[in-house]
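The sequence and the structure come first.

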Amino acid sequence: MVLAIVAAFITVVAGSAVSGFTKFILELTNSIDFSKTLLDVMLGFLLFASALHFDVNKLRENLRGVLLISTIGVILSTIIFAGLFYGLLHLCSMDIPFIYCLVFGALISPTDAVAVAALLTKSKMPERLKTIISGESLFNDGIGIVLFVSFSEVASIPEKNFSVTEAAKLFGQEVFGGLLLGGILGLAAYRMMRLIQDFQTIVMISVTLVLSIAAIAGIFHVSAPLAVVAAGLLIGSHSFNQHESISHSENLERIWSLADELLNTVLFVLIGLQLVSIAVRPDYLLIGVAAIVILLAARALSIVLPIAFLRRTLSLQYSSVAILTWGGLRGGISVALALSLPDSPYKPLILTAGFVIVVFSIVVQGLTLNKFINMLVKNPG
């Protein structure tokens, strides 16, 4: 991602010297619909790869913490961030409706499963916290997208009021419908895999499963990310063809791990190159820097509050808050949702501030997490 950002910067600088060069790169970048490419194509494959090798037994042990932080935590983070961000803009004499602050909060609050998965492969985070933060990142897309869609509809139609009933109905349809779809198709695919000896065919079934979920989820308006996660967890938690020296299920995980690495690389490069298409304003950049602090505070509070009320149930210590806060990365999903916003006077601000947060999250938080964890272990107080 750093290399892609440098390449984007060089492109802009070169464009000022070579006539038409930046225009050519802009046309090339704009020809790729980043939002559709990520949300409709890449995300399903990335989430399936992450869910396939996720330890289901560890997820069961920490299910309460995962579900609470991925639902209540996201809602709290969205509201707290929106309130603080609105106050910041008011101090800067910028007039922006509060609903757009909620839209920004909804797209930036959920942690990104792709970024988190890339980080945790080499992280020294304690296993319990690693399970919670990776499990949270897999499941919180549902509530995040529901909030984003609900607030975006209100923002696009000023006379329309936010309806808790409609939001709850949309949440139920997206989340439970997605889990049901993933469970049914995942079970069907697993049973076919058990009956087949040819490994290439098994791989093709897994690819077909992800594509089928994306198509059917769009028809029935249910959450494709959650459906893919459910299918991946179901298949990954069961073995097939165990009589082989190395089972087909292990080989399938290796194939999808390789695909995960390749798609991660492509995704982070695309995120970096999207910087070329952003109209950078110094005041927006400064607001983005301030938004980093606001988001970290909102993330911490969204974890502390549930722990304060349900500490015995969650079995989490307050010392875990710092690690969960710093390890909650934002990535491509936040960028894709920001780019998908309809044109408005407030979109450039949200897009610029969102990019600043994502770049800081991946580059600074991602590269310093292990040092941060080691520092906390050495100085627990």
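**Loops and positive phi**

His221 sits in the loop that connects helix H10 (199-220) with helix H11 (224-236). The model is a predicted one. Phi of His221 is near 55°, which is a positive value in a residue other than glycine. The protein chain has 17 helices and 0 strands.

- Ser93 belongs to the loop between H5 and H6.
- Ser93 comes after H5 and has a positive phi, near 60°; the residue is not a glycine.
- Ser93 counts as exposed because its relative accessibility is 69%, and the cut-off for exposed is over 50%.

**Overall make-up**

- Of the 381 residues in the protein chain, 50% are buried.
- Take the contacts in the protein chain between residues at least 6 apart in sequence: 82% of them join residues at least 24 apart.

- Helix H5 covers residues 63-91 and has a kink of about 35° centred on Gly73.
- The buried residues of H9 include Ala167, Glu174, Val175, Gly178, Leu181 and Gly182. Further along H9, Gly186, Ala189, Tyr190 and Met193 are also buried.
- An α-helix has 3.6 residues a turn, so residues three or four places apart point the same way.

**Cavities**

- The structure contains 3 cavities of 30 Å³ or more.
- The largest cavity has a volume of about 70 Å³.
- Its lining is made up of Ala106, Leu107, Pro110, Thr111, Asp112, Asp141, Gly144, Ile145, Ile333, Ser334 and Leu337.
- Helix H6 (98-108), helix H8 (127-156) and helix H16 (332-339) are the elements that give two or more residues to the lining of the largest cavity.
- Sorted by class, the lining of the largest cavity holds 6 nonpolar, 3 polar and 2 charged residues.
- H5, H8 and helix H13 (282-309) each supply at least two residues of the lining of the second largest cavity. H5 gives the most, with 4 residues.
- By class, the lining of the second largest cavity has 4 nonpolar, 6 polar and 3 charged residues.

- Arg299 counts as buried because its relative accessibility is 4%, and buried means under 20%.
- Apart from neighbours within four places in sequence, Arg299 is in contact with Ile69, Ser77, Thr111, Ile133, Glu136, Leu324, Thr325, Gly328 and Arg330. Among these, Thr111 also lines the largest cavity.
- Thr325 is part of helix H15, residues 320-326.
- With a relative accessible area of 9%, Thr325 is buried.
- Not counting residues up to four places away in sequence, Thr325 touches Leu296, Arg299, Ala300, Ile303 and Gln365.

**Ser137**

- Ser137 is a residue of helix H8, which also contributes to the linings of the largest cavity and the second largest cavity.
- Ser137 counts as buried, because its relative accessibility is 2%.
- Leaving aside neighbours within four places in sequence, the contacts of Ser137 are Thr111, Asp112, Ala113 and Val116. Thr111 and Asp112 are also found in the lining of the largest cavity.
- Ser137 and Pro110 are 27 residues apart in sequence, and their C-alpha atoms are 7.2 Å apart in space.

Notes. Residues numbered from 1 in each chain as written. Predicted model: local features only at pLDDT ≥ 70, side-chain atom pairs only at ≥ 80, totals over all residues. Heavy atoms only, no water. 1 Å grid on protein atoms, 1.4 Å probe; cavity = no way out; pocket = protein on both sides within 12 Å on 5 of 7 lines; lining within 4 Å. Points joined across faces, edges and corners; volume = space filled by probe spheres on them. Nonpolar A, V, L, I, M, F, W, Y, C, P; charged D, E, K, R; others polar. Bend = angle between axes of the 7 residues up to and from the residue. Buried < 20%, exposed > 50% of the residue type's maximum accessible area, 1.4 Å probe, protein only. Contact = heavy atoms within 4.5 Å.
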